[in-house]
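Morning, everyone. Please have a look at the model on the screen, and then I'll walk you through a few spots.

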Amino acid sequence: MTNPAIVGFSGNFTRPSKTRGFVDHIVTEIAGRYGLAASTHDIVDLGPSLGNAKATRDLDEQARAVLERILTADVLVVGSPTYKGSYTGLFKHFFDLVDPAALRGKPVLLAATGGGDRHALIVEHQLRPLFGFFEAFALPTAIYASEKDFADGVLASEAIQTRIGLAVDDVGLALFGRQRARIAAE
């Protein structure tokens, strides 16, 4: 039996990126607590074929490999920088290529970053409906971090760290149930 895997996917298309670092931080916390194999990807990892792709068959080998990791993951952490109140266009385009049944029942932790607190509802008004369409299991605790929560591009907010802890607990419940999550955390 293979080790359960967690995959992070960030909607940023520049590096370095606070959003990718934020998603990777969450993935690392979850992987460390539950002993999961982990990887994090972003739009840059998909390469140049994404923009012209009208179907998954149009993606190059590199992009198809990232898509396959996402589809076969036991749990996902997805995040996007906030752009004009929503996720990035290439993030949406990537998920437009995914078969509507491919994420059914998959636990998904939603995360986003933005310049200020007024963008905090992106996770509830943009990301949650997107993954609801896929019938994914969007975990109850979503995480939003604004510019003030970072110092030199690194998460510095204790309140956001606490929220990440709650979301990590949600992942354990989704993957292992209450009893097994408690044992795995010990």
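Start with E135, in the loop between α5 and β5 (137-138). Helices (H or I, at least four residues) and strands (E, at least two) are DSSP runs, numbered from the N terminus. Before we go on, a word on the source: this is a predicted model, where local features need pLDDT of at least 70, side-chain atom pairs count only at pLDDT 80 or more, and totals for chains, interfaces and linings use all residues. Residues are numbered from 1 along each chain as its sequence is written, and side-chain values use heavy atoms, with hydrogens and water left out.

Back to E135. Its phi is near 60°, a positive value in a residue other than glycine. Setting aside neighbours within four places in sequence, E135 touches L103, R104 and G105. Contact means heavy atoms within 4.5 Å. K106 is 29 residues from E135 in sequence, and 8.1 Å from E135 in space, C-alpha to C-alpha.

D152 also has a positive phi, near 55°, and is not a glycine. D152 sits in the loop between β7 (150-151) and β8 (154-155). At 83% relative accessibility, D152 counts as exposed.

Next, the helices. α4 (residues 89-96) and α5 (residues 122-133) pack at about 10°, axes 12 Å apart. Axes are lines fitted to C-alpha atoms, for helices over the stretch in contact, and angles run from 0 to 180 degrees between N-to-C directions. So α4 and α5 are roughly parallel (angles under 35 degrees; over 145 is roughly antiparallel, 65 to 115 roughly perpendicular, the rest oblique). Which residues make the contact? From α4, F91, K92 and F95; from α5, L127, L130 and F131.

Now aromatics. Rings of Phe, Tyr and Trp (its six-membered ring) pair if their centres lie within 6.5 Å; planes under 30 degrees apart are stacked, over 60 edge-to-face, the rest tilted. The count is twelve aromatic pairs. One is Y34 with F176, tilted, at 5.5 Å centre to centre and 45° between the planes. Y34 is in α1 (residues 18-34) and F176 in α6 (residues 158-185), 142 residues apart. Both are buried. F9, Y87, F91, F94, F95, F131, F133 and F134 form one aromatic cluster.

Last item: a cis peptide bond joins R15 and P16, with omega about 0°.

Notes
Buried < 20%, exposed > 50% of the residue type's maximum accessible area, 1.4 Å probe, protein only.
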